[in-house]
Amino acid sequence: MSDQPRPPRIHDVAKLAGVSVATVSRAISNPAIVSEATRQAVEAAIAQTGYTLNFTARNLRQQQVGGVLALVPNLANPFFSQILSGISEVLRSHHLSLLVMDTTAVPDQPAMTVLGPYLTRSRSDGVIVLDGQMDPHLFSRAGCPPLVQACEWIEGLQAPRVLADNVEGGRLAARHLTDLGHRRILHLTGPEGSSLTTSRREGFLRGLAQAGLPAPDDSHRMTGDFTARFGQQVAAHLLAMPDRPSAVFCDNDEMAIGLMHGLIAAGLNVPRDISVMGFDNIEMAAYCSPGLTTIRQHRARLGRRAAELLLAQMKGQTVTDHVTLGVDLVVRGSTGPCAET
């Protein structure tokens with residue numbers, strides 16, 4: 001017979017706190033519905049006994065896995081850090097774990113082979129999709145958990161969306177640069193087919209029109225891939241242009257930071273010779289030199305809202321199909337008045 005002490009149980013907590021087992025359960029799962037004195041008594045009893053909730057048993061009773069899957073395109077991109085933090089914050093308060101998978105990690109295998117096994121209720125209770133380039137049919141199989149799209153969206157996928165106002169962000173960028181006197185502005189966009197590329201381009205053109213400028217031709221646009229390496233490569237292209245733009249609006253901060261690095265390494269001054277601005281306001285934007293002017297997405301808030309919508313779906317509640325969060329302009333040292341005006 002084992003002489004090891006048994007682990008503390010909820011009955012031990014109830015006895016020590018002087019309340020019922022049901023009250024202990026309520027104090028743990030929904031402390032707002034019990035009195036402050038009861039909550040403190042239960043917390044003290046938990047601390048004294050060392051009781052921990054058996055999440056496995058709870059999930060079995062509730063027919064849950066106990067985790068939510070987030071699908072992210074390129075985990076190396078620092079843009080996603082605050083979004084995932086916001087998602088995790090909300091899930092943690094509901095005793096749910098966050099599983100993150102990189103949708104680009106295994107490019108030589110079909111997405112259904114890699115991701116399909118996780119898109120079932122036996123592997124996850126819900127899915128937050130942050131990759132707008134995925135095939136919508138991947139999520140149409142029977143048994144797929146509830147879905148929410150965040151940041152990007154997939155055409156043809158009927159699932160709630162939580163997005164930043166990308167159109168307004170593009171418009172703010174155009175107006176900021178035109179207000180500084182810039183007229184020859186290169187737009188370094190994201191990949192073709194990306195929902196972000198489409199919406200930010202729409203806003204950028206709207207901002208130019210509001211400033212009284214004609215729609216630019218294709219020579220004032222380059223298609224990128226959202227990486228700093230590509231931005232650095234664009235610097236050489238700009239230096240070789242006979243009619244170099246006075247400003248560049250990049251569809252994300254990574255490309256903008258890479259572009260600034262390439263321009264400065266070649267001997268140009270940013271912003272005196274050329275202004276550069278980005279989109280997202282990642283952490284590095286404030287610490288590069290000069291600091292990057294950018295459009296700020298409230299990424300942690302976006303992640304929290306996506307998680308809240310997913311939890312509501314998981315409970316069978318009716319949710320809003322489309323949530324758009326505001327953006328704002330952050331002016332730093334990488335943009336300045338056009339030297340030609």
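In which loop is Ser194 found? Ser194 is found in the loop between β6 (185-189) and α8 (195-210). This is a predicted model, in which local features need pLDDT of at least 70 and side-chain atom pairs count only at pLDDT 80 or more, while totals for chains, interfaces and linings use all residues. Residues are numbered from 1 along each chain as its sequence is written, and side-chain values use heavy atoms, with hydrogens and water left out. Helices (H or I, at least four residues) and strands (E, at least two) are DSSP runs, numbered from the N terminus.

**Surroundings of Ser194**

- Ser194 is buried, with a relative accessible area of 2%; buried means under 20% relative accessible area, exposed over 50%, and partly exposed in between (1.4 Å probe, protein chains only).
- The side chain of Ser194 reaches the backbone nitrogen of Leu196 at 3.2 Å.
- Not counting residues up to four places away in sequence, Ser194 touches Gln133, Glu152 and Phe226, where contact means heavy atoms within 4.5 Å.

**The sheet and its helices**

- Six strands form an open sheet in the order β2-β1-β3-β4-β5-β11, with parallel pairing; two strands pair if DSSP finds at least two bridges between them.
- The edge strands, β2 (97-102) and β11 (322-325), each pair on one side only.
- From one strand to the next, the twist averages 20°; axes are lines fitted to C-alpha atoms, for helices over the stretch in contact, and angles run from 0 to 180 degrees between N-to-C directions.
- Helix α5 (residues 80-93) packs on the sheet, where α5 touches β1 (67-72), β2 and β3 (126-129), and its direction makes about 150° with that of β2.
- Helix α11 (residues 299-314) also packs on the sheet, touching β1, β3, β4, β5 and β11, with a direction at about 165° to that of β4.
- Strands β4 (residues 147-150) and β5 (residues 161-164) run parallel and are joined by two bridges; the bridge partner of Gln149 in β5 is Arg161.

**Cysteines**

- The count of disulfides comes to zero, a disulfide being a pair of cysteine sulfur atoms within 2.5 Å.
- Cys338 is in no disulfide, and the nearest cysteine sulfur, that of Cys250, is 17 Å away.
- Cys288 counts as buried at 16% relative accessibility, and Cys338 counts as buried at 6%.

**Salt bridges**

- The count comes to twelve salt bridges, each a side-chain nitrogen of Lys or Arg within 4 Å of a carboxyl oxygen of Asp or Glu.
- Arg200 forms a salt bridge with Asp280, with the closest N and O atoms 3.6 Å apart.
- This pair links distant parts of the chain, with Arg200 in helix α8 and Asp280 in the loop between β9 (275-277) and β10 (294-297), 80 residues apart; both Arg200 and Asp280 are buried.
- Salt bridges that share partners join Glu36, Arg39 and Glu43 into one network.
- Within helix α3 (residues 36-49), Glu36 and Arg39 lie three residues apart, about one turn of the helix, and their side chains meet in a salt bridge (2.3 Å, N to O).
- Glu36 is partly exposed, with a relative accessible area of 43%, and Arg39 is partly exposed at 21%.

Note on methods: A polar contact is a pair of N or O atoms within 3.5 Å; within protein, one must be able to donate a hydrogen and the other to accept it, and residues adjacent in sequence count only if both atoms are side-chain atoms.
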